[in-house]
Amino acid sequence: MKLGWGDGGVQVKDYVFHRDLTKTYPIITHGKGVYLYGEDGKRYLDGCSGAVAANLGHGDKRIAEAMALQAEKAAFVHTMRFETPVLHKLAEKIGKLAPGSLNRVYFTCGGSEANESAIKLSRQYFRNRGEPEKQVVIGRWLSYHGNTIGSLSAGGDIKRRQPYNGYLLPFQHVSAPHCLHCPFNREESDCETKKDWSCVAELERLILEIGPSQVSAFIAEPFTGSQAGAVPPPKSYFREVRALCDRYDVLLIIDEVMTGFCRTGAHFAIEHYGVEPDIITFGKGVSGGYSALGGMIVHDKIIDTLLQYGDGKFVHGYTYSGHPVTVAAGLAAMDIYESEHILRNVKGLEGHLFEGLDNLRKKYPFVYDIRGKGLFFGIELASNQDGQPFPPDLRIAERLNEKAMELGAVFYPGNGTVNGYAGDHLIIAPPLIISEREVDELISLLDDALKDLADSLKEGT
Ligand SMILES: Cc1ncc(COP(=O)(O)O)c(C=O)c1O
């Protein structure tokens with residue numbers, strides 16, 4: 001194990017508490033466009049925008065300058081006492097992008113805090129309406145909403161939940177609509193034509209079992225991201241869910257932390273399904289990954305309730321909510337999304353990226369499925385044509401990404417794809433400024449990494 005780095009062979013202590021203490025990672029000195037550069041001069045094509053965050057690529061001086069300028073003007077003001085022009089400008093831009101009556105924007109420092117805020121706001125909404133017992137949140141298995149205790153409790157990623165079992169809140173979970181591995185053995189087309197969804201019926205049963213008077217919110221990612229590898233829902237799933245939430249007076253929180261801001265070829269992925277949520281949470285792409293920014297966009301009915309029946313105060317907040325420098329990054333990012341016609345680029349390259357990935361599916365039998373939309377795709381890897389997952393200890397997705405990194409590209413590997421503990425996938429989500437030539441390079445590097453994996457599987461290693 002490498003403990004640290006040093007001059008002339010002298011071992012120095014490593015002061016970083018790494019995510020995995022048995023590992024150190026390549027040191028990146030800078031980035032430009034879709035590329036990151038290591039201190040050893042190695043170049044990596046960023047095939048997953050870091051953690052699906054660096055939507056606008058690396059080294060964009062316009063965002064860096066906007067942050068520096070704001071830091072010079074006023075780096076910190078407390079939002080319990082003051083506000084800044086950038087706060088208002090960014091809230092207006094995001095509020096105008098959001099669907100329907102979602103207008104008010106509350107800022108946090110990332111996606112976990114955004115979902116934590118949405119969970120607490122749902123509770124406050126019902127408390128202000130005189131229904132304090134309405135407080136159970138329902139989430140979905142195979143979903144991720146963050147690592148704080150509230151967001152982790154709402155999420156359904158068993159590997160992340162297990163070490164904290166005793167700490168988690170008594171939230172409930174239903175199956176996600178992952179038709180490829182439908183837990184009810186149904187066919188997607190059958191559910192669509194008959195409008196008879198086992199997974200939606202499961203949600204209704206759970207609401208009735210808990211009692212509608214106890215349930216405050218249902219939270220879902222529009223496309224299941226890190227846990228299942230960019231899985232889009234069946235076309236009318238969210239319309240059915242919206243109808244249920246309306247029937248039982250349950251707030252619908254849509255977690256767009258990974259999918260927001262053009263990633264799937266719409267400002268927000270839920271737009272593809274014609275549904276208006278009550279709260280949208282966001283993070284990552286809002287600042288193109290240049291600052292630790294997230295937040296929630298809130299429906300007017302919630303704001304009106306807080307004002308009409310409460311005292312207008314949301315009992316919540318963080319020191320760095322609406323931090324002017326992070327917000328300035330978001331504002332500069334919004335300008336670039338607009339002026340560089342990012343949505344157009346995403347829609348223009350969607351087919352090309354999909355075709356490249358689908359050719360890899362045809363070439364390698366263990367590439368079981370390609371799914372996604374916009375510039376957000378998942379590759380599912382399986383040991384046979386029936387989608388049987390590889391044994392988890394083979395670390396197939398991790399190994400594939402390690403090989404890709406050796407070759408000069410980085411992707412987002414994940415496991416537990418099929419049922420929470422077995423299954424492997426890779427998320428392909430390059431910066432949205434990528435060009436056609438760079439998409440070709442991404443596919444070619446991935447092809448080489450897959451070939452290496454195919455060889456080692458043949459050798460039985
Ligand atoms: C859908 C979703 N929600 C929430 C989060 C948590 O966001 P953060 O890591 O910024 O706290 C993530 C992070 O990957 C995510 O993908």
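Reply: Searching the whole structure, which is a predicted model, turns up zero disulfides. A disulfide is a covalent bond between the sulfur atoms of two cysteines. For C191, the closest cysteine sulfur belongs to C182 and lies 6.1 Å away, which is too far for a bond, because a disulfide needs the two sulfur atoms within 2.5 Å. C191 is buried, at 7% relative accessibility, whereas C109 is partly exposed, with a relative accessible area of 23%.

Next, the sheet. Seven strands make up an open, mixed sheet in the order β4-β10-β9-β8-β7-β5-β6. Its edge strands, β4 (102–108) and β6 (172–174), each pair on one side only. On average, and ignoring direction, neighbouring strands are turned by 25 degrees against each other.

Helix α3 (residues 85–97) touches β4, β9 and β10, and its direction makes about 130 degrees with that of β4. Helix α10 (residues 300–308) lies across β4, β8, β9 and β10, at about 80 degrees to β10.

There is also a helix pair. Helix α2 (residues 61–73) packs with helix α11 (residues 324–339) at an angle of about 145 degrees, the axes being 8 Å apart. The crossing is right-handed. Residues of α2 in this contact include R62, I63 and M67, and those of α11 include P324, V325 and I336. By type, the contact residues divide into 11 nonpolar, one polar and one charged.

Definitions and conventions. Residues are numbered from 1 along each chain as its sequence is written. This is a predicted model: local features need pLDDT of at least 70, side-chain atom pairs count only at pLDDT 80 or more; totals for chains, interfaces and linings use all residues. Side-chain values use heavy atoms; hydrogens and water are left out. Buried means under 20% relative accessible area, exposed over 50%, partly exposed in between (1.4 Å probe, protein chains only). Axes are lines fitted to C-alpha atoms, for helices over the stretch in contact, and angles run from 0 to 180 degrees between N-to-C directions. Helices (H or I, at least four residues) and strands (E, at least two) are DSSP runs, numbered from the N terminus. A crossing is left-handed if the near helix is turned anticlockwise from the far one by less than a right angle, and right-handed if clockwise. Contact means heavy atoms within 4.5 Å. Ala, Val, Leu, Ile, Met, Phe, Trp, Tyr, Cys and Pro count as nonpolar, Asp, Glu, Lys and Arg as charged, and the others, Gly among them, as polar. Two strands pair if DSSP finds at least two bridges between them.
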